[in-house]
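Dear colleague,

Please find below the structure that I am handing over to you. My notes on what was found in it follow.

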Amino acid sequence: MKRSLLLRGAAFALLWWVLSEGRGDGWLLGSAAVIAASWASLKLAPPAPPHLRLTALPGFLRFFLWQSLAGGVQVAALACRGRAALRPGFVELSLALPPGAPRLFFAGILGLMPGTLGVALDDARLRLHVLDTRLPALAEARALEAAIGRLFGVAP
Amino acid sequence: MTTLAFLVALFLLANLVVALIAAARGPTSADRMLMALLFGTTGTGILVLLSATGMGTALVDVALVLALLAAISGIAFAKRAWQAEENGHD
Amino acid sequence: MIEWLSMGLLLVGAGFFFAGTLGLLRFPDVYSRLHALAKADNLGLGCVLAGLALTADSLAAALKLLLIWPLALAASAAVSFAIARRAQALGIAPWRREERQE
């Protein structure tokens, strides 16, 4: 509890610094805002497992940036070639991630990754829409699943 | 730099208009929902570019708030659709 | 040097926004259009924000610009998942190309 309070307080203080563009004259109001925000966040979203692992964050960001660049380039190339280049279809994927935040995070973020889009999630099955059924979309989805598993510290 | 930012902002505005018309034409209601996505991304892009043309750095705050509202309403929308489906009121 | 990099990023960003619009116009159904918007437009916004952040007045101002990106990403991810889910619940089938001799 104490650790989350400190971490969240530091995050909100950083946020204030960024929002005020580094000006020093607003810190009286800023400290009040940081305290209020930390209190509200602990009240509304008490720390519960699975926790985000901060040490895994840089690796995840690198993976995410690279993959979203690949996704953008791929979809831009497809858009230039028009519908003749598409072989769309649905693909089913059984999830290894635990329910809750990691699974929802996965389903949402798939839409930003190359070739895949989460469509429906029930129990442990996720239906994906893929732009080209010949591309290894499932393997990429598995890689993302593993990356999210590392980020939350859960074995996928 | 300022001129380029202004030109890119104009280009994005043209993109937004064309895309909005295309999304509004449908054919399905799901196509029309794409308009919500367009405002979130292209709209914020135009605002930050305009702030770089000397129209005031306050426009960055406007863009930030627009993106924040888009994120909150998007997540609320997704969650609502979710629960309605689970309770069978879809 | 930084000025050139920043201008390049703005142009690349504009290109991705154009690709997103092109995909919206040319792709056949709502699912593939979602792919185009969610991926290309967001990358376009990321490039534009990075380009502007390079020439920002201070580190805090640059970080403020970059802070917009994750918010826009969260919005796109949530909205596109919700739209795809809704489209499927409405019974919209994904487009398939007519099979010809391949």
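Helices (H or I, at least four residues) and strands (E, at least two) are DSSP runs, numbered from the N terminus, and two strands pair if DSSP finds at least two bridges between them. This is a predicted model, in which local features need pLDDT of at least 70 and side-chain atom pairs count only at pLDDT 80 or more, while totals for chains, interfaces and linings use all residues. Residues are numbered from 1 along each chain as its sequence is written, chains are lettered from A and ligands numbered from 1 in the order in which they are written, and side-chain values use heavy atoms, with hydrogens and water left out.

In chain A, 3 strands make an open, antiparallel sheet in the order 1-3-2. Strand 1 (89-94) and strand 2 (116-122) of chain A are at the edges with a single partner strand each, so one side of each has no neighbour in the sheet. Strand 1 and strand 3 (residues 125-130) of chain A are joined in the antiparallel sense by 6 bridges. Within this pair, Leu93(A) is opposite Leu126(A) of strand 3.

Chain C meets this sheet. Helix 3 (residues 59-89) of chain C packs on the sheet and touches strand 1, strand 2 and strand 3 of chain A, where contact means heavy atoms within 4.5 Å. The direction of this helix makes about 65 degrees with that of strand 2 of chain A; axes are lines fitted to C-alpha atoms, for helices over the stretch in contact, and angles run from 0 to 180 degrees between N-to-C directions. Helix 2 (residues 30-54) of chain C lies across strand 1, strand 2 and strand 3 of chain A, at about 115 degrees to strand 2.

Yours sincerely
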